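Student: I have the sequence and the model open. Could we work through them question by question?

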Amino acid sequence: MAQDAPGAVGARLSPKLDEASLIRAVQRGDQDAFEQLVRAYDQSVLRLAVNLLRSQEDARDVFQEAFLRVFRSIDSFRFDCSFHTWLYRIVTNICLDYLRKRKVRKEEPAVVDTPEGPLDRMNDFQEEAPHADPERNLWNVQIGQRIEGALGGLTPRERMVFELRHYQGLRLRNIGEILGTSEEAAKNCLFRATQKMRAELGDFQ
Amino acid sequence: MNCESVTKLIPLYFYGELPPDEEDSLEQHLDTCAACAHQAESQRALSAALDRREMQPSAALLAECRHDLMRAVYRQASVPRRAGFSPRGTLVPHWGLSAWLPSLGPWRMPLGASALLALGFITARLTAPGAAGPFSLASLTPENVISSVRSVQPAHDDSRPGEVQIVLDETRRRVISGQLNDTNIQRLVLAAAHDENNPGVRWESVDLLKGHSDSSPVRELLLNRVAEDPNPGVRLKALDGLKAYTGDPEVRKVLAQVLLHDDYPGVRIAAVDALTAHAGDDMVGILQGVVQKEDNTYVRRRCVKALQDMNASVGTF
């Protein structure tokens, strides 16, 4: 039963390329290397932002801000952690800021009520499966709102830990490192998040 | 291990975060405790439900993000900024080409160069001596020449054994600036909006032009791009530029075709929003047709709503 979440993050570098060499090349001003570095991680960064923020515009802003920060500050990267951890510290900090602001502003949720029932606006912007699945569409409409409500009840930090563990497939030790906390604190955060969601959603059978 | 501690460990167990000995103890407890086994099953069901919520960003969104990043980096790189970043030539033109030719590997630069050459013919005409126009041409410097290797082969001269012949394609980069309402500048941007090798340039051109859709050539270009461009991001931009003209029969005709035939739901959503903002009787047949065949829930609902607002029947008989 124990399992890793699907879609674990992995850099998509060519096996021929050594990441440390690539980073050093970027630090020397090699723009090809910078492009390769971005492309190794940009899909997983965008996936994290889209799933976490459920807003195309916010995800796009996070993507740009994160990689621009990398571009500006790559000289300060000293290899005292992995590049992945360093990048994800940047990305998660930006995302947490967005989530906190959203908590204050009470922004419009991704799932909205329409005269025809609840509708997840983001469903229209994801990659469409080769063959549309009507059952999945129906499921999205009926259940999506409840799940969004449950996730909305988490604190930004609980939300982040849950997202990184469940959807990005990161280990809790790595999550703690990214968020500047201990593995134990990340465990507690994950426990609180799942308890809250199970309390909110009841049993999905 | 008691029920209280198991409750706390179930999420960690599910995510494979328990040490092997704790995992064994927990499994033994689950075998004998129905209440905890139910909790574990509940955790699994919750996880399965959450899996189905996961979204994969579309290729178009990723392309737009990369494009926006490229533009932002361009702005930063065009200002001398970091001592460590003083690359060969300027950063962005090369980044821009390679960013939009991702799968071509070593061939991307020659292709990119040929795209620039194609534009070069246009700029040469526009910037020939004596050509009028309030735009300016930046001076050329040696760094503005892009070279790519066309071929490498042994030299044919037998008197020089071991010599090789390298054929280079060189493209000169020029910077032209001017107002978009200047005819020559606009012609250049219109040409760039058709650059088949570079969706990034097409997107950027359409983005610039969409604010000038009162011009007839620009509107024609936008209609062409929304119907023909292979990149959904470009089609969306073009559609955005046509929103002010959804009362125009020609625009409505094209948008109706887009609504019926575009294979990207985001574009069909934008089309249905634009069309139903000014729904008229001429749209009834098209909307009924869309309701019958459309997979996308939002598009179908918008069509149904528009038909109901017009007191038209939703189905065809």
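Student: Which residues touch the most other members of the largest nonpolar core?

Tutor: This is a predicted model. The largest nonpolar core has 58 residues. Its largest share, 12 residues, is supplied by helix H2 (residues 31-53) of chain A. The residues that touch the most other members are A:Ala49, A:Val62, A:Phe63, A:Cys95 and A:Val161.

Student: Leaving aside its neighbours within four places in sequence, which residues is A:Phe63 in contact with?

Tutor: A contact here needs C-beta atoms within 7 Å. With neighbours up to four places away left out, the partners of A:Phe63 come from chain A and chain B. They are A:Val45, A:Leu46, A:Ala49, B:Cys65 and B:Leu69.

Student: How many residues are in the other core that lies apart from it?

Tutor: Among the residues of this other core are B:Ala193, B:Val234, B:Leu239 and B:Ala279. Its size is 39 residues.

Student: What pattern does chain A follow along the sequence?

Tutor: Chain A has 8 helices and 2 strands. Of its 205 residues, 40% are buried. Among its contacts with a separation of 6 or more, 64% join residues 24 or more positions apart. Read along the sequence, the pattern is α-α-α-α-β-β-α-α-α-α.

Student: Is A:Leu164 buried or exposed?

Tutor: A:Leu164 sits in helix H6 (residues 156-167) of chain A. A residue needs 20 or more other C-beta atoms within 10 Å to be buried. A:Leu164 has 25 such neighbours inside 10 Å, so A:Leu164 counts as buried.

Student: How many helices and strands are in chain B?

Tutor: Chain B has 317 residues, of which 34% are buried. Residues 24 or more positions apart make up 59% of its contacts with a separation of 6 or more. Its secondary structure comes to 14 helices and 4 strands.

Student: Are H12(B) and H14(B) parallel or oblique to each other?

Tutor: H12 covers residues 265-277 and H14 covers residues 297-309 of chain B. Their axes come within 9 Å and cross at roughly 15°. Angles under 35 degrees count as roughly parallel. H12(B) and H14(B) are therefore roughly parallel to each other.

Student: How do the residues of the contact of H12(B) with H14(B) divide into nonpolar, polar and charged?

Tutor: From H12(B) come B:Arg268, B:Ile269, B:Val272, B:Asp273 and B:Thr276; they meet B:Tyr298, B:Val299, B:Arg302, B:Cys303 and B:Ala306 in H14(B). The division is 6 nonpolar, 1 polar and 3 charged.

Student: Are H11(B) and H12(B) parallel or oblique to each other?

Tutor: The axes of helix H11 (residues 249-261) of chain B and H12(B) come within 9 Å and cross at roughly 140°. Roughly antiparallel would need an angle over 145 degrees. H11(B) and H12(B) are therefore oblique to each other.

Student: What is phi of A:Phe79?

Tutor: A:Phe79 is found in the loop between helix H3 (56-73) and helix H4 (83-105) of chain A. With 10 C-beta neighbours inside 10 Å, A:Phe79 counts as exposed. Most residues other than glycine have a negative phi. For A:Phe79 phi is positive, near 65°.

Student: Where is B:Asn311?

Tutor: B:Asn311 also has a positive phi, near 55°. B:Asn311 is exposed, because 7 other C-beta atoms lie within 10 Å. Its place is the segment after H14 of chain B.

Terms used:
Residues numbered from 1 in each chain as written. Chains lettered and ligands numbered in written order. Predicted model: local features only at pLDDT ≥ 70, side-chain atom pairs only at ≥ 80, totals over all residues. Axes fitted to C-alpha atoms, helices over the stretch in contact; angles between N-to-C directions. Parallel < 35°, antiparallel > 145°, perpendicular 65-115°, else oblique. Contact = placed C-beta atoms within 7 Å. Nonpolar A, V, L, I, M, F, W, Y, C, P; charged D, E, K, R; others polar. Buried ≥ 20, exposed ≤ 12 C-beta atoms within 10 Å, placed from the backbone. Core = buried A, V, L, I, M, F, W, Y, C linked by C-beta atoms within 7 Å.
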